[in-house]
Amino acid sequence: MAQDRYFEVEPGVLLRYIDAGEGQPIVFVPGWSFSANSFDAQIAYFSKAYRCIAVDPRCHGKSTITWRGNSYDQQGADLAKLIDALGLKHVVLAGWSFGALACWAYLEQRGFDNVAAVVIMDNSPRSISDDPQEYRAGTLEDLRGAHLNSLCSPQSYRGFMGEFADGLLYEGAMSAELREHLIDESCRIPSEIADALYVDGWLADKREICRKLDATVPWLLVIANYRKDAGVPYMQANYPHVQIDAFGMHMMFHEYPDRFNARMEEFLKGI
């Protein structure tokens with residue numbers, strides 16, 4: 001049975017995490033502003049055969065809100081401390097959206113010795129590029145617009161998250177209840193911290209660690225349909241060993257859990 005637990009990653013900063021099941025550990029990391037509960041369907045499914053850990057990064061979900069350490073490199077360091085504290089071995093890292101940046105930061109800092117495989121849910125090695133044929137989030141102008149106009153106050157941040165929910169998360173209709181829940185969850189984070197993390201994520205460039213990952217351990221990337229035309233050929237050309245699937249929108253694992261879980265299970269059985 002899944003249980004909420006807390007780990008003091010530094011004095012005064014508690015990370016909440018979900019712990020369920022036994023066996024090889026899978027560590028799930030949510031994307032920007034979201035919580036470990038995003039993975040409820042994956043935890044219910046995979047905890048039958050694996051030990052599933054899903055973490056709320058600092059400031060996310062039920063973890064401590066702190067003005068310190070709001071970067072994805074820090075999230076990677078926090079992840080390393082949690083993995084060490086729990087004594088997890090041969091870990092499968094599973095990161096959604098900017099949660100992938102925390103997983104890649106962990107690999108930069110700790111290497112691959114304790115990692116069996118990596119699963120990425122719709123995040124590119126770098127977000128900013130002027131090349132429309134690159135798997136990317138957008139341009140520097142897109143980031144500047146969000147920073148100056150959409151993340152500059154609690155009110156504008158809430159509006160931005162509404163547009164995010166409506167335009168990117170689901171392929172089909174999202175219930176009004178789920179939409180409001182996700183917005184409320186995201187807006188628990190002060191807009192200044194959300195802005196700092198958003199900018200940090202967009203400015204990250206993890207192409208080098210992805211090249212090392214591609215040459216070292218198995219990895220699976222699931223790309224949203226709206227980015228697959230550029231994303232699939234770009235990733236295949238630059239990272240020839242990555243396994244790729246494409247379906248749904250940015251939260252495909254949540255909207256289509258059966259399809260996602262089956263694809264991830266197939267991948268894990270092959271490692």
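1. In this predicted model, serine 33 sits in the loop that joins strand 3 (25-29) to helix 1 (40-46). The backbone angle phi of serine 33 is near 80°, a positive value in a residue other than glycine. As background, most residues other than glycine have a negative phi. Serine 33 counts as buried because its relative accessible area is 0%, and the cut-off for that term is under 20%.

2. The next topic is empty space. Rolling a probe the size of a water molecule over the atoms shows where such space is left. The largest pocket of the model has a volume of about 440 Å³. Its lining consists of 23 residues, and those nearest the centre are Ala137, Phe164, Leu168, Tyr198 and Trp202.

3. Which helices each supply at least two residues of the lining of the largest pocket? They are helix 4 (140-150), helix 5 (154-169), helix 7 (191-203) and helix 9 (225-238). Helix 5 contributes the most, with four residues.

4. By class, the largest pocket is lined by twelve nonpolar residues, together with six polar and five charged ones.

Note on methods: Residues are numbered from 1 along each chain as its sequence is written. This is a predicted model: local features need pLDDT of at least 70, side-chain atom pairs count only at pLDDT 80 or more; totals for chains, interfaces and linings use all residues. Side-chain values use heavy atoms; hydrogens and water are left out. On a 1 Å grid over the protein atoms alone, a cavity is a set of points where a 1.4 Å probe fits but cannot get out, and a pocket is an open set with protein on both sides within 12 Å along at least five of seven lines; lining residues have an atom within 4 Å of a point. Grid points are joined across faces, edges and corners, and a volume is the space filled by probe spheres set on the points. Ala, Val, Leu, Ile, Met, Phe, Trp, Tyr, Cys and Pro count as nonpolar, Asp, Glu, Lys and Arg as charged, and the others, Gly among them, as polar. Buried means under 20% relative accessible area, exposed over 50%, partly exposed in between (1.4 Å probe, protein chains only).
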